[in-house]
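Hi,

Here is the structure I said I would pass on.

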Amino acid sequence: QVQLVESGGGLVQPGGSLRLSCAASGSIFSIGDMDWYRQAPGKQRELVASVTRSGTTNYADSVKGRFTISRDNAKNTVSLQMNSLKPEDTAVYYCSAEIWSSIISRRRYWGQGTQVTVSS
């Protein structure tokens, strides 16, 4: 069984920073894209940032220049450095990854979510 476990959420003032981390564990053969999504109350879940295994990154327009996604393939981890946070960044943030548990078995996994609240 594969698990994704997030950490690093919390309460921060506008303009502040937070770093989210996510570790994949279990029966892992390989990991493809690793992503961060977020869902604010009353809104649909949206893709915030993604990183391929080779390190190519992609960001939502709303976070470009403020957030940085990175991954460590040796440790099966992905992180999201969030700077210049705004109240509109408040949401539950989810780690997600495309994981092969064997050479023929692939599916997308999700973490349990971590709350990020930006407020003064």
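How many salt bridges does the structure hold? The count is 6, where a salt bridge is a side-chain nitrogen of Lys or Arg within 4 Å of a carboxyl oxygen of Asp or Glu. Before the details, please keep in mind that this is a predicted model, so local features need pLDDT of at least 70 and side-chain atom pairs count only at pLDDT 80 or more, while totals for chains, interfaces and linings use all residues. Residues are numbered from 1 along each chain as its sequence is written, and side-chain values use heavy atoms, with hydrogens and water left out.

**Salt bridges**

One of the salt bridges joins Asp35 to Arg108, with the closest N and O atoms 2.8 Å apart. This pair links distant parts of the chain, since Asp35 sits in strand 4 (residues 30–39) and Arg108 in strand 10, 73 residues apart. Strands here are DSSP runs of E, at least two residues long, and helices are runs of H or I of at least four, both numbered from the N terminus. Asp35 is buried at 4% relative accessibility, whereas Arg108 is partly exposed at 30%. For these words, buried means under 20% relative accessible area, exposed means over 50%, and partly exposed is in between (1.4 Å probe, protein chains only).

Glu46 and Arg38 also meet through their side chains in a salt bridge, at 2.7 Å from N to O. Arg38 is buried, with a relative accessible area of 6%, and Glu46 is partly exposed at 34%. Both belong to a network of salt bridges that links Arg38, Glu46, Arg66 and Asp89. Another salt bridge pairs Asp61 with Lys64, at 3.1 Å from N to O; Asp61 is exposed, with a relative accessible area of 65%.

**The core**

The largest nonpolar core has 31 residues, and Trp36, Leu80, Met82 and Tyr93 have the most contacts inside it. A nonpolar core here is a set of buried Ala, Val, Leu, Ile, Met, Phe, Trp, Tyr and Cys residues joined through side-chain atoms within 4.5 Å. Among the elements that give two or more residues to this core are strand 1 (2–7), strand 3 (18–26), strand 5 (46–51) and strand 8 (77–82). Strand 9 gives the most, with 5 residues.

Which residues does Leu80 contact, leaving aside its neighbours within four places in sequence? They are Leu18, Arg19, Leu20, Trp36, Val48, Ala49, Phe67, Thr68, Ile69 and Tyr93, with contact meaning heavy atoms within 4.5 Å.

**An aromatic pair**

Searching the whole structure turns up 1 aromatic pair. The ring centres of Tyr37 and Trp110 are 4.9 Å apart and the planes are at 55 degrees, so the pair is tilted. The rule is that rings of Phe, Tyr and Trp (its six-membered ring) pair if their centres lie within 6.5 Å, with planes under 30 degrees apart counted as stacked, over 60 as edge-to-face and the rest as tilted. Tyr37 lies in strand 4 and Trp110 in strand 10, so the pair ties together parts 73 residues apart in sequence. Tyr37 is buried at 19% relative accessible area, and Trp110 is partly exposed at 36%.

**Surface and loops**

Phe29, Ile103 and Ile104 make a nonpolar surface patch of about 410 Å². Patches are made of residues with over 30% relative accessible area and no salt bridge; like charges are joined within 9 Å, and nonpolar side chains (Val, Leu, Ile, Met, Phe, Trp, Tyr) within 5 Å. The areas come from the Shrake-Rupley method with a 1.4 Å probe, and for residues only the protein chains shown count as cover. Ile103 is in the loop between strand 9 (91–102) and strand 10 (105–110) and is exposed, with a relative accessible area of 66%.

Asn76, in the loop between strand 7 and strand 8, has a positive phi of about 55 degrees although it is not a glycine. Ser84, in the loop between strand 8 and strand 9, also has a positive phi, near 50 degrees.

**Past strand 11**

Ser119 is in the segment after strand 11 and is partly exposed at 38% relative accessibility. Not counting residues up to four places away in sequence, Ser119 touches Leu11, Val12, Gln13 and Pro14.

Cheers
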